[in-house]
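Good morning, and thank you for making time on the agenda.

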Amino acid sequence: KLPKLPHSVTMTASMKQNNLFDAVDMIYDNFIDKNAAYQINVSSQCRGQITKIVVQHRLSVEAQREKLKAMGNDIGGIIPSGLSGIIVDVHIFDEASNEILALLRSSFYRFAQTKAYK
């Protein structure tokens, strides 16, 4: 099961900061996860690729927490800084965005062809 991380900021605030890890986690939890409240319609392949990256990141966070805890620095729910080994690609959501745009174009085209629109 995918570990849940406490978010240090709101969804809106995460989009305005330089913390890519927190932004990706927030987007994943709210829009990509199979149990997301606002799940978007993307292919299972796209969802799987994003999930793999998020799982790697979260496991890295947990490993860093355990390492700090073993050294006597229990940081609780705070996300540790200085994570290494996992680099989040800034284009992580590009494929999902393209799929969403294609679906919106398709829906708009069908709507534009209706008698009510014309």
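Let me begin with a term: a residue is called buried under 20% relative accessible area, exposed over 50%, and partly exposed in between, using a 1.4 Å probe and protein chains only. By that rule Arg58 is buried, because its relative accessible area is 0%.

A word on the basis of these values. This is a predicted model, in which local features need pLDDT of at least 70 and side-chain atom pairs count only at pLDDT 80 or more, while totals for chains, interfaces and linings use all residues. Residues are numbered from 1 along each chain as its sequence is written, and side-chain values use heavy atoms, with hydrogens and water left out.

I turn to the overall fold. Helices (H or I, at least four residues) and strands (E, at least two) are DSSP runs, numbered from the N terminus. The protein has four helices and zero strands, giving the pattern α-α-α-α along the sequence. It comprises 118 residues, of which 31% count as buried. Taking a contact as heavy atoms within 4.5 Å, 49% of the contacts with a separation of 6 or more are between residues 24 or more positions apart. Accessible areas come from the Shrake-Rupley method with a 1.4 Å probe, and for residues only the protein chains shown count as cover. The protein exposes about 8000 Å², with carbon and sulfur atoms supplying 57% of that area.

Which helix is largely enclosed by the rest of the structure? It is helix H2, residues 20–32, because ten of its 13 residues are buried. Among them are Asp22, Asp25, Asp29 and Asn30, as well as Val24, Met26 and Ile27.

A salt bridge is a side-chain nitrogen of Lys or Arg within 4 Å of a carboxyl oxygen of Asp or Glu. A search of the whole structure finds one. It joins the side chains of Arg58 and Asp29, at 2.8 Å from N to O.

His57 and Asp25 are 32 residues apart in sequence, and their C-alpha atoms are 8.9 Å apart in space.

Next, the aromatic side chains. Rings of Phe, Tyr and Trp (its six-membered ring) pair if their centres lie within 6.5 Å; planes under 30 degrees apart count as stacked, over 60 as edge-to-face, and the rest as tilted. One aromatic pair is found in the whole structure. Its members are Phe31 and Tyr38, whose ring centres are 6.2 Å apart and whose planes meet at 40°, so the pair is tilted. Phe31 is partly exposed at 24% relative accessible area, whereas Tyr38 is exposed at 52%.

Finally, the surface. Patches are made of residues with over 30% relative accessible area and no salt bridge; like charges are joined within 9 Å, and nonpolar side chains (Val, Leu, Ile, Met, Phe, Trp, Tyr) within 5 Å. Phe108, Phe111 and Tyr117 form a nonpolar surface patch, together accounting for about 340 Å² of accessible area. Phe111 belongs to helix H4, residues 94–112, and is partly exposed at 46% relative accessibility.
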